[in-house]
Amino acid sequence: SYASDMRGFIAWCREQGASAAPAAPATVAAFLAHEAARGRKPSTIGRRCAAIRWAHRSAGLDDPTQAEIVRRRLRGVRRL
């Protein structure tokens, strides 16, 4: 599932002209908002965030999902 989620994130980043790795926290937050707007379930969005975290940590990169902007976005998604 993580590989599929990362492919989706990478494709979205390409469309936006943003870097998927390393990803900026604002990019991750925007991606999660995009997924919510598409009607994805909070559990799916949480898994996609976990996939981004896993990919960054596996590559030895800073984890953008720990930034406050991403955490707030996830809380907002769950609240809705």
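A salt bridge is a side-chain nitrogen of Lys or Arg within 4 Å of a carboxyl oxygen of Asp or Glu. The legends below describe close-up views of a predicted model.

**View 1. Salt bridge between Glu 68 and Arg 75.** The side chains of Glu 68 and Arg 75 form a salt bridge, with an N to O distance of 2.9 Å. Because its relative accessibility is 39%, Glu 68 counts as partly exposed. Arg 75 is likewise assigned to the partly exposed class, because its relative accessibility is 39%. Elsewhere in the model, salt bridges that share partners connect Asp 5, Glu 35, Arg 38, Arg 40, Arg 47 and Arg 48 in one network. The count of salt bridges under this rule is eight.

**View 2. Salt bridge between Arg 40 and Glu 35.** Arg 40 is paired with Glu 35 in a salt bridge whose closest N and O atoms are 3.4 Å apart. Arg 40 has a relative accessible area of 31% and is therefore partly exposed. Glu 35, in contrast, is buried, because its relative accessible area is 2%, and the cut-off for that class is under 20%.

**View 3. Salt bridge between Arg 53 and Asp 63.** An N to O distance of 3.7 Å defines the salt bridge between the side chains of Arg 53 and Asp 63. This pair joins distant parts of the chain, 10 residues apart: Arg 53 belongs to helix α3, and Asp 63 lies in the loop between α3 and α4. Asp 63 is buried, because its relative accessible area is 17%. Arg 53 has 23% relative accessibility and so counts as partly exposed.

**View 4. Packing of helices α3 and α4.** Helix α3 covers residues 42-58 and helix α4 covers residues 68-79; their axes are 9 Å apart and the packing angle is about 160°. The two helices are therefore roughly antiparallel, since angles over 145 degrees fall in that class. The crossing of α3 past α4 is left-handed. On the α3 side, the contact is made by Pro 42, Ile 45, Gly 46 and Cys 49, and on the α4 side by Val 70, Leu 74, Val 77 and Arg 78. Sorted by class, the residues of this contact are six nonpolar, one polar and one charged.

**View 5. Packing of helices α1 and α2.** Helix α2 (residues 25-37) packs with α1 at an angle of about 105°, and the two axes are 11 Å apart. The pair is therefore roughly perpendicular, because angles of 65 to 115 degrees count as such. From α1, the residues in contact are Gly 8, Phe 9, Trp 12 and Cys 13; they meet Thr 27, Val 28, Ala 30, Phe 31 and His 34 of α2. Six residues of this contact are nonpolar and three are polar, with no charged residue.

**View 6. Packing of helices α1 and α3.** The axes of α1 and α3 come within 9 Å and cross at roughly 90°, so α1 is roughly perpendicular to α3. Tyr 2, Asp 5, Met 6 and Phe 9 are the α1 residues in contact, and they meet Arg 47, Arg 48, Ala 50, Ala 51, Ile 52, Trp 54 and Ala 55 of α3. By class, this contact has eight nonpolar, no polar and three charged residues.

**View 7. Surroundings of Asp 5.** Asp 5 is situated in helix α1. With 2% relative accessibility, Asp 5 counts as buried. Apart from neighbours within four places in sequence, Asp 5 is in contact with Arg 47, Arg 48 and Ala 51. Asp 5, Arg 47 and Arg 48 are among the members of the salt-bridge network.

**View 8. Surroundings of Tyr 2.** Tyr 2 is placed in helix α1, which comprises residues 2-16. Tyr 2 counts as partly exposed, because its relative accessibility is 32%. When neighbours within four places in sequence are set aside, the contacts of Tyr 2 are Arg 47, Ala 50, Ala 51 and Trp 54. Along the chain, Tyr 2 and Ala 37 are 35 residues apart, and their C-alpha atoms are separated by 21 Å.

Notes: Residues numbered from 1 in each chain as written. Predicted model: local features only at pLDDT ≥ 70, side-chain atom pairs only at ≥ 80, totals over all residues. Heavy atoms only, no water. Helix = DSSP H or I, 4+ residues; strand = E, 2+ residues; numbered from the N terminus. Buried < 20%, exposed > 50% of the residue type's maximum accessible area, 1.4 Å probe, protein only. Contact = heavy atoms within 4.5 Å. Axes fitted to C-alpha atoms, helices over the stretch in contact; angles between N-to-C directions. Parallel < 35°, antiparallel > 145°, perpendicular 65-115°, else oblique. Left-handed = near helix turned anticlockwise from the far one by under 90°. Nonpolar A, V, L, I, M, F, W, Y, C, P; charged D, E, K, R; others polar.
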